[in-house]
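Trainee: Before we start, please take me through this one step by step. I would like to begin with the ligand and then turn to the sheet.

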Amino acid sequence: MSFPSDRSGPRSEQRLPGPSTLAVHAGEDRHKLGHAITDPVICASTFTFKDSQAVIDYIEQDQERGEYGRYGTPGEMVVERKLAAMEGGEEAILYSSGMAAIVGLFMSKLNSGDEVVFFDECYHRSREFCAKHLSRFGVVTRQVKACDYEAMEAAITPQTRLVVSESPTNPHLSVVDLERFADLGRRHGVDTLIDATLATPYNARPIEFGIDFVLHSATKYMGGHNDLLAGVIVGQSEKLADVRTLRGIMGAVNSAHNLYLLQRGLKTFELRMLRHNANGQAVAEFLENHPAVERVYYPGLASHPYHEVARRTMRGYGGLVTFLIKNADWRVTADVVDRSRIARIAPSLGGVETLIEQPLVMSYYQCTVEERKRFGIPDNMIRLACGIENEEDIIADLEQALAGVQRT
Ligand SMILES: *Cc1c(COP(=O)(O)O)cnc(C)c1O
């Protein structure tokens, strides 16, 4: 029995439990092994059957139980049910990383000759997988400018199977009009995929707008503690059946311990998101008013080109803030990064620790100048992923790191 589907009391009004109630309880049994309040960490690669008839019953009745770890485990099912409930979707499939989830979905849905259309602001490795690897299997990738719905519509052909975007995008934080994106897919009979890693189900729930597949790097806000990698796809069971089958073959699954960490991290999901949102907003406002800062990208700022879309489709705007240092070359920018004392220099986002990076150095160092220009990565760009430290401390740290720029 899984929460909250057991809400069949006399007053069965349509009130859904809040995000924290779902994060704490959804997907879990009320009574667990050994009367423990937590789920057990079962380190089993395989699961036993009483006799041959039990094997046959399992197959014929499509019973939900463990068989062999690669096809799913009871501990994994708990976390999958929880994530599906949090996202407002029918089913969730877990992977060992966000990239494994992206690769898993594309490999399930795309055949030779098929086409996929992307909004161009996207996670660098997603783009690389499409351009360098899907192409080897005869899949055609088209990229159009982020949030240019007309260009996306024009790029759709009878061979198009999937349209893809992140929202908000990384690192520019452009926000997709989810309703328009879903409608575009529906009108052309093409499935829609949103990588909502930066939004999280706390800030946006794309399925409510009619999006077919929602994907997350659970490594980020969902795990939330910079101590695990995982990925998840949420959608309708019917559309996910082939995806689950292929995952069972690919084998990109999580260990029992990793799943426990993810489940534990999720318990405080809403509390962390409230702080990430508050820190992101405060830091963005501070930076926007700082004389050493040329431009700030944050959907919660009225100056952001997608602020109105964000207000319509999101509850909060997350912890990621991207900004440009005024009149700075790459070295002056690197010095700002290097002066930070609280923020740690690292890729990733969504964990309790604030992280800082210069995209030029961290993710785009091996790109040509021309490529960086095309991807919109100037030398003076910094990406700050606010953690859950106190707002005043993160801002004071930035203030001293930026003070050095003003002197030069
Ligand atoms: C990190 C990230 C990914 C990749 O996820 P991993 O868990 O690192 O494999 C994909 N999309 C976005 C938007 C990300 O931030």
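Trainee: By class, how many residues of the shell around the ligand are nonpolar, polar and charged?

Mentor: Keep in mind that this is a predicted model. The residues surrounding the ligand include M99, Y123, E166, D195 and K220. Sorted by class, the shell has 3 nonpolar, 5 polar and 3 charged residues.

Trainee: How far is an oxygen atom of the ligand from an N or O atom in the side chain of T219?

Mentor: A polar contact needs N or O atoms within 3.5 Å. S217 has a polar side-chain atom 2.8 Å from a ligand oxygen, and for the side chain of K220 the distance is 2.7 Å. For T219, the distance is 2.6 Å.

Trainee: How much of the ligand's accessible area does the protein cover?

Mentor: On its own, the ligand has 380 Å² of accessible area.

Trainee: Which strands stand at the edges of the open sheet of 5 strands, and why is one side of each left without a neighbour?

Mentor: The strand order is β8-β9-β12-β11-β10, with mixed pairing. Each edge strand has a single partner, so one side of it has no neighbour in the sheet. The edge strands are β8 (293-297) and β10 (344-345).

Trainee: At about what angle to β9 does helix α11 run?

Mentor: Helix α11 (residues 269-288) lies across β8, β9 and β12. Its angle to β9 is about 10°.

Methods: Residues are numbered from 1 along each chain as its sequence is written. This is a predicted model: local features need pLDDT of at least 70, side-chain atom pairs count only at pLDDT 80 or more; totals for chains, interfaces and linings use all residues. Side-chain values use heavy atoms; hydrogens and water are left out. A residue is near a molecule or strand if one of its heavy atoms lies within 4 Å of it. A polar contact is a pair of N or O atoms within 3.5 Å; within protein, one must be able to donate a hydrogen and the other to accept it, and residues adjacent in sequence count only if both atoms are side-chain atoms. Accessible areas come from the Shrake-Rupley method with a 1.4 Å probe; for residues, only the protein chains shown count as cover. Ala, Val, Leu, Ile, Met, Phe, Trp, Tyr, Cys and Pro count as nonpolar, Asp, Glu, Lys and Arg as charged, and the others, Gly among them, as polar. Two strands pair if DSSP finds at least two bridges between them. Helices (H or I, at least four residues) and strands (E, at least two) are DSSP runs, numbered from the N terminus. Contact means heavy atoms within 4.5 Å. Axes are lines fitted to C-alpha atoms, for helices over the stretch in contact, and angles run from 0 to 180 degrees between N-to-C directions.
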